[in-house]
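Try each task yourself before you read its solution.

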Amino acid sequence: MDSTIKEFRDGIFALRTRRFGTIAEIMIKKLYGFDESGSLAFDKRNSATNERIEVKFSTVMKENEARIREDNAIDQCIKANLANRAMNSTDIGHYNFDCNIQQVKRNEFDVLFYGLFFADCIEIFSMRSDEIFDCPGYSDKQHRGNEGEGQFHLNQDNINYHRQNHFEQSLSYEELYDLLYNQ
């Protein structure tokens with residue numbers, strides 16, 4: 001990976017919440033030719049089928065070795081950087097990880113595009129809203145009192161389910177860079 005692509009990848013891992021989500025939405029829009037949704041309820045629209053598209057992604061980081069305590073606070077901050085925690089797709093089985101796909105509002109979309117930003121590639125999955133109840137570990141009770149909003153986790157215990165049943169494609173960071181660069 002050349003230095004420009006590495007800096008690009010590291011920048012993606014440094015983005016938080018809405019800014020990170022926007023990169024994932026742009027990626028899915030460009031890859032699949034979707035349109036803007038025109039709604040705050042879902043992210044994109046497939047004009048060919050009129051399907052509502054939701055986009056949810058997570059960065060994959062190795063699980064923390066320890067809880068932060070007074071006696072290890074400095075050490076845990078040092079170990080929290082990208083170089084120490086970002087996980088390659090080939091590291092599954094060597095490290096634990098836990099990525100939460102949250103705020104899943106099944107009634108607000110027809111197809112969910114979700115995935116994982118590993119250190120070496122991006123894995124993209126999709127599932128129809130009616131398949132979510134079959135997703136291992138899906139809970140429709142994300143927050144107390146929230147009706148119709150759920151979550152599921154991708155981790156070392158269930159990644160093979162997602163790869164075998166919902167895998168769409170994998171992208172390198174070079175491919176993502178080119179996709180975003182070529183407007």
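**Exercise 1: a lysine in a loop**

K62 sits in the loop that links strand 3 (51-59) and helix 3 (73-79). Keep in mind that this is a predicted model.

Task: work out which side chain of opposite charge is nearest to K62, and whether K62 is buried or exposed.

Solution. Step 1: K62 turns out to be buried. Step 2: the nearest side chain of opposite charge belongs to D91, 4.8 Å away. Step 3: a salt bridge has to be within 4 Å, and K62 has none. Step 4: look at who else is around; leaving aside neighbours within four places in sequence, K62 touches N84, R85, A86, M87, D91, Y95 and N96.

**Exercise 2: an asparagine in a strand**

Task: find where N155 lies and what its side chain reaches.

Solution. Step 1: N155 belongs to strand 7 (residues 150-155). Step 2: its relative accessible area is 14%; buried means under 20%, so N155 counts as buried. Step 3: the side chain of N155 reaches the backbone nitrogen of D157 at 2.9 Å. Step 4: beyond four places in sequence, N155 is in contact with F97 and D98. Step 5: N96 is 59 residues away from N155 along the chain, yet their C-alpha atoms are separated by 7.2 Å.

**Exercise 3: positive phi**

Task: state the phi of T17 and where T17 lies.

Solution. Step 1: most residues other than glycine have a negative phi. Step 2: T17 has a positive one, near 35 degrees. Step 3: T17 is in helix 2 (residues 17-32), and T17 is exposed, with a relative accessible area of 70%.

Methods
Residues are numbered from 1 along each chain as its sequence is written. This is a predicted model: local features need pLDDT of at least 70, side-chain atom pairs count only at pLDDT 80 or more; totals for chains, interfaces and linings use all residues. Side-chain values use heavy atoms; hydrogens and water are left out. Helices (H or I, at least four residues) and strands (E, at least two) are DSSP runs, numbered from the N terminus. Buried means under 20% relative accessible area, exposed over 50%, partly exposed in between (1.4 Å probe, protein chains only). Lys and Arg count as positive and Asp and Glu as negative; His and the chain ends are not counted. Contact means heavy atoms within 4.5 Å. A polar contact is a pair of N or O atoms within 3.5 Å; within protein, one must be able to donate a hydrogen and the other to accept it, and residues adjacent in sequence count only if both atoms are side-chain atoms.
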